[in-house]
Amino acid sequence: MKNATITGWGRCVPPQIVTNDDLSTVVDTSDEWITSRSGIKERRVSHVNNSDMATLAARRAMAAAGVTSDDLDYIIVATCTPDRQIPAAACIVQAKLGAMQAAASDINAGCTGFIYGLSMAHGLIATGTAGRVLLIGSERISSYLDLDERSTAVLFGDGAGAVIVEATDRDEGIKSMHLGADGTGAEALTATGLGTEFIGQEARLAIIMDGQEIFKNAVKRMGDETVDAIRNAGWEETEVDLVIPHQANARIIDAVRRRIKASEDQVYVNIHKYGNTSAATIPIALAEAVEDGTIKPGAKLIFVAFGAGLTWGASAFQWGDRVDPIATIDDDLPTPDRTGIEILVEKHKALYG
């Protein structure tokens, strides 16, 4: 049976930065309030569609892997904020890439979407259905934010990350994988005003979250899953080089770190720069960690996440020998004509008047 390994990585974060101080001009909040509760200092807000960010992240990952659109067998987009409900975001990305021979589908597991997608890629490769999969986590959550909901408006940001997952005979790639869900907790983190349930109702579009319930469950599930992923891979906790957790809250990340008795250097954290980008947090952090030299050849990694559903998952992953991209591209997003805070305010007025 073939192993599934990552050969390319890429990310796309919009250029518009919205700081906590920027938010405090339109939301009843402050830098101290946001930072002390979440660890977030700033986030990015997109002026382009989700599929545009996903496509650019994909092109960068493809260049890093040295592959073209003709080499792709399957495209998976993990997202809860697609451009449209129909068709799948993956089909839109497929068309933009020109990968017309690749199958394409979305997956929505909230913030755990990337790990669910990684499991799907692993299955496609293990069964011989696909030899090379483009997996993208991409979100434009700013489109769902209600600036009157302080508890959620300050937490989220936009961005995309992508990886190329390939079949290999080498002793690398996915070493363990576990996924879980508890649908009885669905109301703890949800979006109102979206979906057929709300047709004919005057439901306000907003992300609704029970912060205490999410915090409690995230700490337990991410801690348990990290320990299980390590053990199921046959590793000792001391062997893990880097944990790349979902970037939801700095306090959750620190609680997980202490649970596995890891040092701060063993856990990758970038939430202060990007906020919670849901399914995009892990692939963005992974690409960044490779780019800045944190991930070394042969590194033993843990990916772990918790999200809406409720969903959770973790994977132990052995990195390969290559940490340098085969190629890079100069493509970038178009230059924005508004600031990030202006985009947020315009969206809020369009939705709520």
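Mentor: Helix H2 (31-38), H7, H8 and strand S12 (300-307) each give at least two residues to the lining of the second largest pocket; helices (H or I, at least four residues) and strands (E, at least two) are DSSP runs, numbered from the N terminus. The largest share, six residues, is supplied by H7. This is a predicted model, in which local features need pLDDT of at least 70 and side-chain atom pairs count only at pLDDT 80 or more, while totals for chains, interfaces and linings use all residues. Residues are numbered from 1 along each chain as its sequence is written, and side-chain values use heavy atoms, with hydrogens and water left out.

In total 25 residues line the pocket, and Ser151, Leu155, Met209, Gly211 and Asn249 lie nearest its centre. By class, the lining has 15 nonpolar, eight polar and two charged residues; Ala, Val, Leu, Ile, Met, Phe, Trp, Tyr, Cys and Pro count as nonpolar, Asp, Glu, Lys and Arg as charged, and the others, Gly among them, as polar.

Asn249 also caps the N-terminal end of H8, with a side-chain oxygen 2.7 Å from the backbone nitrogen of Arg251. Helix H8 covers residues 250-259, and its buried residues (under 20% relative accessible area, 1.4 Å probe, protein chains only) are Ile252, Ile253, Ala255, Val256 and Arg257. These pack against helix H7 (211-232) and strand S11 (242-245), contact meaning heavy atoms within 4.5 Å. After H8 comes Lys261, with a positive phi near 60°.

Definitions and conventions: Buried < 20%, exposed > 50% of the residue type's maximum accessible area, 1.4 Å probe, protein only. Polar contact = N/O pair within 3.5 Å; in protein donor to acceptor, adjacent residues only side chain to side chain. 1 Å grid on protein atoms, 1.4 Å probe; cavity = no way out; pocket = protein on both sides within 12 Å on 5 of 7 lines; lining within 4 Å.
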